Amino acid sequence: MAKRVVLGMSGGVDSSVCAHLLKEQGYEVIGLFMRNWDSFLNNDFLGNEDINQNVCTQELDYQDAKRVAEQLNIPLYRVDFVKEYWDNVFNYLIEEYKIGRTPNPDIFCNKYIKFKSFADYAFEDLKADYIAMGHYADARNGELYRGLDPNKDQSYFLAQLSNEQLSKVIFPLANLHKTEIRKIAEDINLATAKKKDSTGICFIGERRFTKFLENYIPAQPGNIIDIANKKVVGKHVGAMYYTIGQRKGLNLGGYEKPYFVVGHNLDKKEIYVANEDYKEYLLSNKMIAINFNKIAYEYDENNLTAKFRYRQSDIPVKLKLLDNDQIEVQYPDTEAVTPGQEIVIYDGEKVVGGAIIDKIYYNDELKTYL
């Protein structure tokens, strides 16, 4: 008897091809579309360009998922996790921004929604043997590995998953490149074959981010200060809206060299900036990270690299395990390492684990202006 796989179908080309591949492999495939955001219920008006459209983007995605399910002759269910997303993902995002940190909602979306709420529904209500997702990553024996396509690998966003969660998931795209997936979709004439990839916040979509945050965090204007000479060089609408290393959106025209954000003081409502002559203000070479989620059963401590943000190239690191799920990580001088973001540690292709960056240091001096 065929094993039953419940697949997360988003209405995009990746999950559509997953459905086809799983059927080809002999599984009984059931599609499940998640609705996790309600713009009207969640007061999502500022920064939302689609709010007045007749049909919202999420509904269009559901219609695309339905068309693919009909093409492939598989059932498609729809489930709402709006409350779960708000409680476990979005609340965390807002609370982190309020204290001047830069969270990554995709990581918590995976941990609490796709691989918890979705998985619980799939296993309990739909009697799944496995769940499947369209991530570019691989799971083997409860451990996590990079996907084959280095330009699309999403293992970074999965580094807070447990071995138990990873033991029950199939990633059909693990060994495929994006170009191959597009070709498969076109060859079998899937309805989503030419659909553009989605961008923006996990399950929320494209937003003008600063305006979007103003829905939930009141604007608190203040001064922008050149950290080198302590002079006021501009005004901002809210220090918590800006992240370390940010260059766009500062509205600081007329200066010889462009500025970037190096820190802020929320109590004083100040943002600190520097230009390229003072890049040392962006540098760090050690961090303490919290909530370390160890995935690898074994790893070579002399072969470790890490990413401090998704699109970053691997950086060689030295890892030291501390008490209370904390880790100390040493690394070469690196710009714009940001508290609140995730560090994900690798041993070659294997994910060792992930943790949330809490404190950063440069030559053992704590950077206190972040």
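**View 1. Helix α1 has the length its residue count calls for.** At 1.5 Å a residue, the 12 residues of α1 should span 16 Å, and the C-alpha atoms at its ends lie 17 Å apart, which agrees. Please keep in mind, here and in every view below, that this is a predicted model. Helix α1 covers residues 13-24 and lies across β1, β2, β4 (130-132) and β7, running at about 170° to β1. Just after α1 comes glycine 26, with a positive phi of about 95°.

View 2. Of the 12 residues in α1, 10 are buried, so the helix is largely enclosed by the rest of the structure. Among these buried residues are Val13, Cys18, His20 and Leu22. Their cover includes strands β1, β2, β4 and β7, along with helices α2 (57-72) and α6 (178-187).

**View 3. An open, parallel sheet of five strands.** If you trace the strands across this sheet, the order is β3-β2-β1-β4-β7, and the pairing is parallel. At the edges stand β3 (76-80) and β7 (169-170); each has a single partner strand, so one side of each is left without a neighbour in the sheet. Strand β1 (residues 4-8) runs parallel to strand β2 (residues 28-35), and five bridges join the two. Look for valine 6, which stands opposite isoleucine 30 in β2.

**View 4. An open sheet of four strands with mixed pairing.** Here the strand order is β9-β8-β11-β10. The edge positions belong to β9 (232-236) and β10 (259-265), each with a single partner strand, so one side of each is left without a neighbour in the sheet. On average, neighbouring strands of this sheet are turned by 30° against each other, direction ignored. Strand β8 (residues 222-226) and β9 run antiparallel and are joined by four bridges; glycine 222 has histidine 236 of β9 as its bridge partner.

**View 5. Strand β11 and its two partners.** Six of the six residues of β11 (residues 270-275) are buried, so this strand is largely enclosed by the rest of the structure. Both of its faces are covered, with Glu270, Tyr272 and Ala274 on one side and Ile271, Val273 and Asn275 on the other. Four bridges link β11 to β8, in a parallel arrangement, while six link β11 to β10, in an antiparallel one. Valine 273 is a handy landmark: this residue of β11 is the bridge partner of aspartate 226 and also of valine 261.

**View 6. The hairpin of β10 and β11.** Four residues separate the two strands of this hairpin, and lysine 269 in the turn has a positive phi of about 55°.

How values were computed. Residues are numbered from 1 along each chain as its sequence is written. This is a predicted model: local features need pLDDT of at least 70, side-chain atom pairs count only at pLDDT 80 or more; totals for chains, interfaces and linings use all residues. Side-chain values use heavy atoms; hydrogens and water are left out. Two strands pair if DSSP finds at least two bridges between them. Axes are lines fitted to C-alpha atoms, for helices over the stretch in contact, and angles run from 0 to 180 degrees between N-to-C directions. Contact means heavy atoms within 4.5 Å. The expected span of a helix is 1.5 Å times one less than its number of residues. Buried means under 20% relative accessible area, exposed over 50%, partly exposed in between (1.4 Å probe, protein chains only).
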